[in-house]
Every structure is written in C-alpha cells, then in structure tokens.
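Please look over the sequence and the model shown here before reading the report.

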Amino acid sequence: MSRLIARSLSVRAGGKTVLDSIGAVFEPGQVTAVIGPNGAGKSTLLMALAGLRRPSAGAVTLDGVDLARRPPRDRAKRIGYLPQLAEVAWAIDVRTLVGLGRTPHHAGFGADAADDAAVAAALAATNTASLADRDVTTLSGGERGRVLIARALAGEPDWLLADEPLTALDPGVQIDIADLLKRLAREGRGVVVTLHDLGFAARLADRILVLTDGRILADGSVAAVLSQDVIARAYGVETHVTTHGDRISIDITGRNL
C-alpha cells in the first residue's frame, strides 16, 4: 500500500479559498480522522484526496503520481469514496448495489467469479449478507450505511475515504461501523474519515487532523491533538479532557467566550 499525500493543496470555490496550502501525509494501516467546525473544509479535503475536486494549487499524489494524471478508472480502483448523506435512487437489491462497486474493474457490463467473490467478501465484512436480496429502499439508515460501505469495499480499494460515516446512526451501529473501519486499517488499508463527534474520533482514530478555515490547526496522535487548548481554538468551547489508560473522555463544559 502507498501513501496518499497532499502537497501544498489549495482549493477555491465560489471565489473563496476553501483549502489553503494543506500539507499532509496519510499512511496506510491507519485510521485518520479529520475534524473541525462546520465550514472548515473537511468534505472538500476528502473529495480532493479522492481526486474528485481539482486543486487550484498544489496536488494530491498516490505512489508519487499526481492523481490528476491518473485515469479515472485507475483512481476509482485504488480509492473508494463514500460521500456524506449518500442516497440510493433506484429500487434495486442490495447485492446488485454492492456489485456496482466493481465497475472500475470492467470496461463493459457483466460480472465474473472475481466480482462475485469480492461482493460476497464485502457483504460479509459489513455484516450485510443477510440483506443481499432486500430492496435497498426498504433498509433502515444504519443498514443502508453498512451497505454503502460494502459497495465501496467491493472495489477492493487500497484507500477508503468516508465523509461522516457515523452521522444519524444509532449508537450500536456507530460502534459496529467504527470497529469495521479500524479492522480495515489493521488489514493494511488506509482509512480517512471526517467526523463531528470528538468522542468517536478519540475511539476510532490512530491520528487526528484538525481543520479550521481551510487550514491545518493540529495534526498528530489522539492524545496530542485532543487537548483542551486545541479543542478551544478549533471550536470555541471549554472542555474537560481525561485519560483512562488508552481511552480519552471529552466533556464540553461551555462556550469559550
């Protein structure tokens, strides 16, 4: 697996600089959580890392090659992207939907034994095999979230980039998906997720990158980044941070006026 690197990455949209000279190295075998207040540029960073937003300056490289120089099919094979609030517009069964994740591996239509095996593995990994024959439109939010991750995994990407994958899910489902993402990283994939919940960031991540106003405020280990000072500077709130072994608890106590 190879590093995914943002090199002096800037993105402009609507006459505004959304990302400003971002420099970061994302390592395989780790879960990196990107956090920060609304409008900080988290989703834009994820899309740029996936090659879906063109930089106004700088570049994103994989294997040392600029993503902009890679054919779209090659990017899609190497990098799986799960957008925020992903919806499914068609009334199709789960197995067919997950099979769409194999699209980058084919020039035309049709599936082969490798596709069937990849789909089965993705369903098993996300604990959705029992849903394979269900109409996607009948699924709960948590079930749909797991199925959409399965679709991304069916493509067997080296990298999984997920924008707010835990939003609007029941706590138990959030734990299941967080554990799945950690397991993918342990297997050697690179995982980058955007999160709002600081508690889940502490539970899930090996590394945390904090964005504010399109710039990196902090980047490092969970213990180093989730400090009272960094949280206050990023979110304008006062917190009480306590450590229990390798667990960190964060209590928000009020606004930092």
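## Basis of the report

This is a predicted model, in which local features need pLDDT of at least 70 and side-chain atom pairs count only at pLDDT 80 or more, while totals for chains, interfaces and linings use all residues. Residues are numbered from 1 along each chain as its sequence is written, and side-chain values use heavy atoms, with hydrogens and water left out.

## Salt bridges

Side chains of opposite charge can pair when their charged atoms come close. A salt bridge is a side-chain nitrogen of Lys or Arg within 4 Å of a carboxyl oxygen of Asp or Glu. A search of the whole structure finds 14 of them.

One of these joins the side chains of Arg78 and Asp63, at 2.8 Å from N to O. The pair links distant parts of the chain: Arg78 belongs to helix α2 (residues 72-78), and Asp63 to the loop between β4 (57-62) and β5 (65-66), 15 residues apart. Helices (H or I, at least four residues) and strands (E, at least two) are DSSP runs, numbered from the N terminus. Arg78 has a relative accessible area of 16%, so Arg78 is buried; Asp63 has 38% and is therefore partly exposed. Here buried means under 20% relative accessible area, exposed means over 50%, and partly exposed lies in between (1.4 Å probe, protein chains only). Arg78 and Asp63 also belong to a network of salt bridges that links them with Arg70, Asp74 and Asp158.

Asp219 and Arg207 form another salt bridge, with 2.8 Å from N to O. This pair also links distant parts of the chain, as Asp219 is in strand β10 and Arg207 in strand β9, 12 residues apart. Asp219 counts as partly exposed because its relative accessibility is 37%, while Arg207, at 10%, counts as buried. The side chains of Arg134 and Glu143 meet in a salt bridge at 3.7 Å, N to O. Arg134 is partly exposed at 32% relative accessibility, and Glu143 is partly exposed at 21%.

## A buried lysine

Lys42 lies in helix α1 (residues 42-49). A polar atom of the Lys42 side chain lies 2.9 Å from the backbone oxygen of Gly36. Leaving aside residues up to four places away in sequence, Lys42 touches residues including Val34, Ile35, Gly36, Glu164, His196 and Leu211. Contact means heavy atoms within 4.5 Å.

## Helix packing

Two packed helices are described by the angle between their axes and the distance between the axes. Helix α4 (residues 113-125) and helix α5 (residues 141-154) pack at about 140°, and their axes are 8 Å apart. The contact is made by Ala118, Val119, Ala122 and Ala125 of α4, together with Ala150, Leu153 and Ala154 of α5. Axes are lines fitted to C-alpha atoms, for helices over the stretch in contact, and angles run from 0 to 180 degrees between N-to-C directions.

In helix α9 (residues 228-235), the buried residues are Val230, Ile231, Ala232 and Ala234. Their cover includes α7 (198-204), β9 (207-212), β10 (215-221), α8 (222-225), β11 (237-244) and β12 (247-255). Gly236 follows α9 and has a positive phi, near 70°.

Val222 lies in helix α8 and counts as buried because its relative accessibility is 10%. The C-alpha atoms of Val222 and Asp206 are separated by 6.5 Å, although the two residues are 16 residues apart along the chain. Not counting residues up to four places away in sequence, Val222 touches Ala201, Ala202, Ala205, Asp206, Ile208 and Ile248.

Ser249 is found in strand β12 and is partly exposed at 27% relative accessibility. With residues up to four places away in sequence left out, Ser249 touches His240, Val241, Thr242 and His244. Arg53 lies in the loop between α1 and β4 and is partly exposed at 25% relative accessibility.

Key:
A polar contact is a pair of N or O atoms within 3.5 Å; within protein, one must be able to donate a hydrogen and the other to accept it, and residues adjacent in sequence count only if both atoms are side-chain atoms.
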